[in-house]
Amino acid sequence: MKQRKTKPDEFAALLSGSVRAKSRPEGLKGIWGVDHPHETGVGSRAALVDRDGIVNEMVYYPDPGVVDSPFTPRQFVLVEGAGEALREIMSAGYKLVLVSNQPGIAKKHMTMASFKKIQAKMHRLLKAEHVRLDGEYYCFHHPQARLAAYRADCSCRKPKQGMLLDAARDLGLDLARSVMIGDGLQDVLAGKRAGCRTVLVANLSGMLNDKMEELGARPDYVARSVREAAGIVKSMAPEAPSR
Ligand SMILES: [Mg+2]
Ligand SMILES: [Zn+2]
């Protein structure tokens, strides 16, 4: 049954200053609760998931000596256990939303065409694992981009929370009941700023502790693997309704 849970003026109040004022019909639909009449809160629970290092493995480029995103489809491989972990999170009643910084095009490491091929491969691999993403948000900007078109100090690049707020508006998410999962402290910061709970996937070390201290980026939980992160996320929603 269709039912409006939020009036337009309340919807306007949900939009914070950093969110684009332009709203989309499907965003309204989500926030008004039409999509999820079985949910008790204003919005749905979601797992906001970083891509590189959580869904797929990072790549080491020995020549410049940096760990970075895959820039070819061939380099894109799923993290072991990621399919199963994401499936578990879905079945615990969470929407799955990818939120990923992808400055590789701005830095001329790849073209938009390569990015799309990589994305298509991700879709194929996730489909084979029976994982369905409810949304994908990418920030293609970089403040020092070589390509002028992407040179911007935007509000979407994590550690800023723009992509999470966009997802909340578009998909009708309750960020306070949602969780950000990432392998970087920029993910923790973006999650905290959006009012989500945060799970950092990392190995514990003194170096990590110093970095968390320095950035004020203390996650709610640290998991050693994506699999372990799924277990933590499941335990946050023991009463989860079925999707
Ligand atoms: Mg990452
Ligand atoms: Zn951006």
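Student: How many bridges join strand β6 to strand β7?
Tutor: This is a predicted model, where local features need pLDDT of at least 70, side-chain atom pairs count only at pLDDT 80 or more, and totals for chains, interfaces and linings use all residues. Residues are numbered from 1 along each chain as its sequence is written, with chains lettered from A and ligands numbered from 1 in the order in which they are written. Strands here are DSSP E runs of at least two residues, helices are H or I runs of at least four, and both are numbered from the N terminus; two strands pair if DSSP finds at least two bridges between them. β6 (residues 179-182) and β7 (residues 197-201) run parallel, and the bridges joining them number four.

Student: Which residue in β7 stands opposite M180?
Tutor: Stay with the parallel β6 and β7. Opposite M180, you'll find T198.

Student: What is the strand order of the open sheet?
Tutor: There are six strands, with parallel pairing. β5 (135-139) and β8 (221-223) each have a single partner strand, so they stand at the edges. Read across, the order is β5-β4-β1-β6-β7-β8.

Student: Which residue just after α5 takes a positive phi?
Tutor: Start with the helix: 10 of the 10 residues of α5 (residues 162-171) are buried, so the rest of the structure largely encloses it. Buried means 20 or more other C-beta atoms within 10 Å of the residue's own, exposed means 12 or fewer, and partly exposed is in between, with C-beta atoms placed from the backbone. Just past that helix, the residue with a phi of about 65° is G172.
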